[in-house]
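I opened a new structure today and kept a few notes as I went. Here is what I looked up.

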Amino acid sequence: EKHKNNLINRLRELDFGKKRKPGMVSFCNTEDPPSVKYTAMKKAMAEEIGIVFIVEEYDTKTAHEDLEAKVRKYNQEPNINGIMVQLPVPLELVVFQRDLLELIDPHKDVDGLTEDGQRYYLPATVKSVTSILETVVPDWKQLKIGVVGSEGEVGKPLIKLLEQSNLWVKPLK
């Protein structure tokens, strides 16, 4: 509740112009029930705090060119401030996953799923880890930190953050 109220207040401070709310788009694989549920939860929370949240549904029958065209369209849309691709993508599209993610304008890559996007946004899981640490262990930056699973979409950016904060010692194998 505290975090939600903080977000509401921060959104009020941002200038999105009169009569305009920030806008987000999430691409969701409708054949993955956990993704559908998680996207619905994100949509509900976004709308509760004052964000317009659009869900772009797709499935295994969707051509990757169609998804790419939609990402390009939302990159150009001034009322859209963030673009997310809910992972995992269907196996039929996984070979295009990196290409699809790299199409997202780094300023709109709010999940920080690309290296360029991570210049502006921490990946959501990394942000969650640091947020929990700050809440539960306020002096966590004074500790030596170990990361199990130092590769991939969570471990790698978490290590990068720790390195930038001079908190990283070495990877655990």
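Predicted model: local features only at pLDDT ≥ 70, side-chain atom pairs only at ≥ 80, totals over all residues.

**Gln86**

I began with Gln86 and asked: is Gln86 buried or exposed? Gln86 is buried, because its relative accessible area is 10% and the cut-off for buried is under 20%. I then checked where Gln86 sits, and found it in the loop between β3 and α4.

Next I looked at what surrounds Gln86. Leaving aside neighbours within four places in sequence, I listed its contacts as Ser26, Phe27, Cys28, Ser35, Tyr38, Thr39, Lys42 and Tyr58.

**Phe27 and its partner**

Phe27 was among the contacts of Gln86, and I followed it up. How many aromatic pairs does the structure hold? I found one. Phe27 and Tyr74 form it, edge-to-face, with 6.2 Å from centre to centre and 75 degrees between the planes. The pair links distant parts of the chain: Phe27 belongs to strand β1 (residues 23-29) and Tyr74 to helix α3 (residues 64-76), 47 residues apart. I also checked their cover, and both Phe27 and Tyr74 are buried.

**Leu91**

Last, I went back to the loop between β3 (82-85) and α4 (97-103), where Leu91 is placed. Leu91 counts as exposed because its relative accessible area is 73%, and exposed means over 50%. I noted that Leu91, Val94 and Val95 make a nonpolar surface patch of about 320 Å².

For my summary: in the loop between β3 and α4 I looked up Gln86, which is buried, and Leu91, which is exposed.

Key: Residues numbered from 1 in each chain as written. Heavy atoms only, no water. Patch = residues over 30% accessible without salt bridge, like charges linked within 9 Å, V, L, I, M, F, W, Y side chains within 5 Å. Areas by Shrake-Rupley, 256 points an atom, 1.4 Å probe, with all protein chains shown as cover. Salt bridge = Lys/Arg side-chain N within 4 Å of Asp/Glu carboxyl O. Helix = DSSP H or I, 4+ residues; strand = E, 2+ residues; numbered from the N terminus. Buried < 20%, exposed > 50% of the residue type's maximum accessible area, 1.4 Å probe, protein only. Phe/Tyr/Trp six-rings, centres within 6.5 Å; stacked < 30°, edge-to-face > 60°. Contact = heavy atoms within 4.5 Å.
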